[in-house]
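Keep the picture open beside you as you read.

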Amino acid sequence: MWSPDSWQSREALQQPDWPQEAALKRVLSELRALPPLVFAGEARHLESALARVAKGEAFLLQAGDCSESFAEFSADQIRDKLKVILQMAVVLTYGAGVPVVKVGRIAGQFAKPRSSATEIVDGIELPSFRGHMVNDDSPDPLARIPDPERLLAAYHQSAATLNLLRAFTKGGFADLTQVHAWNQEFVAASAQGRRYESIAGEIEAALRFMAACGIDLSTESNLHQVDFWTSHEALLLVYEEALTRRDSLTGKYYDCSAHLLWVGERTRQLDGAHVEFLSGVCNPLGVKIGPEARPEEVVALCDKLDPQAVPGRLTLITRLGAGRVEELLPPLLETVKNSGHEVVWACDPMHANTFLSDGGLKTRRFDDVLAEIRGFFQVHKKLGSWPGGIHIELTGENVTECLGGLGDILEDQLDLRYTTTCDPRLNAQQAIDLSFRVAELLRA
Ligand code: PEP
Ligand code: CO
């Protein structure tokens, strides 16, 4: 029998050792009394949008920070991240003629799984940074002690972020007549920025043409608003449990911390606590699939998380590596297809292509990111299935965290503007560049 706390009888990996049991209890009871961040009806709406992706009628763009930051939290930063995602969606929709389902890694992406309990920063061994929902990233042993108050801070930052996203996406900023305004200065100056400008110009001309034909565009809400969904890794189960609510309409449980939750590569054990928890909430779910995953194991996860085989319920996010995707993806596709689950296949070209630069910074090459996406498309084409989407770590800022791209960031330039608290993100230019390449792959 599933209940919001039934995960507690299973082994839960990657949970912090909270030092103050009493403080944690108090925080959790406060969280349980706070309003939900999203509503069950919205999660169902996203599930039906994802069902269209599963059927090959739309494309999923899931993107945002590796790890949201308490320090980088301002209206401008949220707006700039949204701008890039809207721009990418325009490039994909216009370039490939498919609707794009837009999901942010945002408004809740604050907890990080770590491969090791400690890490070396500037020569000192420290407890690992686990996301701002748990501890602080500064290189100080005291800052690394988990603090339950951070769960509340993450909830409130998520609420404020989501509020602004709702205002931006429903209140005029995402209106298609604003398509030029999403191009930030440092992007507009680049070749891909100019390419974007010319699409924006064509869209404007098309809108003018329709208006001149007597079509009343003011009543077409699709031109003036966008649906933008939130997602994060459901890692800290005490937090996810505290935000899980029973929907008054259907009597079913939803994790109201985000529209879509995913289980990470390190915590997706079939009998583990994370899979147990997610199996009982009715939100659409993601599962990260790394190079070690065996096809039968993936099908067992599908059976557990999607026993009714509902299209849109599950998104399998493969992160196999540029060099191995063409070898590892086909058996996964075949086996899942034969199992009867109608899943969304999304490509995360980031997490299996990470390495340490000579200067000791985690980085990724733009070319590897693109190569994994190409391999992903190639395999789907060969097997006649739909390459449903991409899952990207990016930011709207002009950071230097990933190598290459048209701006050609070099290894010795990484530390110029390297601000991520966890994994390296594509900057806005690299992200727009990538969207043009993906649009070309989709067209082909
Ligand atoms: C992530 O998405 O930031 C992450 C940790 O991914 P994975 O679980 O695939 O390693
Ligand atoms: Co990451």
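What volume does the second largest pocket have? The answer is about 640 Å³. Please remember as you explore that this is a predicted model.

Sorted by class, the lining of the second largest pocket holds 8 nonpolar, 5 polar and 6 charged residues.

Now turn to the largest pocket, which has a volume of about 920 Å³. It is lined by 30 residues, and Val100, Lys102, Asn222, Gln225 and Val226 are the closest to its centre. Which elements each supply at least two residues of this lining? They are helix H2 (40-54), helix H3 (75-96), strand S2 (100-105), helix H6 (191-212) and helix H7 (221-224). The top contributor to the lining of the largest pocket is H3, with 5 residues. By class, this lining counts 19 nonpolar, 6 polar and 5 charged residues.

Next come the helices. Two packed helices are described by the angle between their axes and the distance between the axes.

| Helix pair | Angle | Axis distance |
|---|---|---|
| H10 (residues 295-305) and H11 (residues 325-339) | about 40 degrees | 9 Å |
| H6 and H13 (residues 428-443) | roughly 60 degrees | within 9 Å |
| H3 and H13 | about 20 degrees | 8 Å |

Begin with H3 and H13, whose axes pack at about 20 degrees. Are these two helices roughly parallel or oblique? Angles under 35 degrees count as roughly parallel, so H3 is roughly parallel to H13. The crossing of H3 past H13 is right-handed. On the H3 side, the contact is made by Val84, Gln87, Met88, Val91, Leu92, Gly95 and Ala96. On the H13 side, the residues include Ala428, Ile432, Phe436, Leu442 and Arg443. This contact has 12 nonpolar, 3 polar and 1 charged residues.

H13 also packs with H6, and here the axes cross at roughly 60 degrees. That angle makes H6 oblique to H13. H6 passes H13 in a left-handed crossing. From H6, the residues Gln192, Arg195, Tyr196 and Ile199 take part, and they meet Gln429, Ile432, Asp433, Phe436 and Glu440 of H13. The contact of H6 with H13 divides into 4 nonpolar, 2 polar and 3 charged residues.

The remaining pair is H10 and H11, which pack at an angle of about 40 degrees. H10 and H11 are therefore oblique to each other, and their crossing is right-handed. Which residues of H10 meet H11? Pro295, Val298, Val299 and Cys302 do, and their partners in H11 are Pro331, Leu332, Thr335, Val336 and Ser339. By class, the contact of H10 with H11 has 7 nonpolar and 2 polar residues, and no charged ones.

Conventions: Residues are numbered from 1 along each chain as its sequence is written. Chains are lettered from A and ligands numbered from 1 in the order in which they are written. This is a predicted model: local features need pLDDT of at least 70, side-chain atom pairs count only at pLDDT 80 or more; totals for chains, interfaces and linings use all residues. Side-chain values use heavy atoms; hydrogens and water are left out. On a 1 Å grid over the protein atoms alone, a cavity is a set of points where a 1.4 Å probe fits but cannot get out, and a pocket is an open set with protein on both sides within 12 Å along at least five of seven lines; lining residues have an atom within 4 Å of a point. Grid points are joined across faces, edges and corners, and a volume is the space filled by probe spheres set on the points. Helices (H or I, at least four residues) and strands (E, at least two) are DSSP runs, numbered from the N terminus. Ala, Val, Leu, Ile, Met, Phe, Trp, Tyr, Cys and Pro count as nonpolar, Asp, Glu, Lys and Arg as charged, and the others, Gly among them, as polar. Axes are lines fitted to C-alpha atoms, for helices over the stretch in contact, and angles run from 0 to 180 degrees between N-to-C directions. Angles under 35 degrees count as roughly parallel, over 145 as roughly antiparallel, 65 to 115 as roughly perpendicular and the rest as oblique. A crossing is left-handed if the near helix is turned anticlockwise from the far one by less than a right angle, and right-handed if clockwise. Contact means heavy atoms within 4.5 Å.
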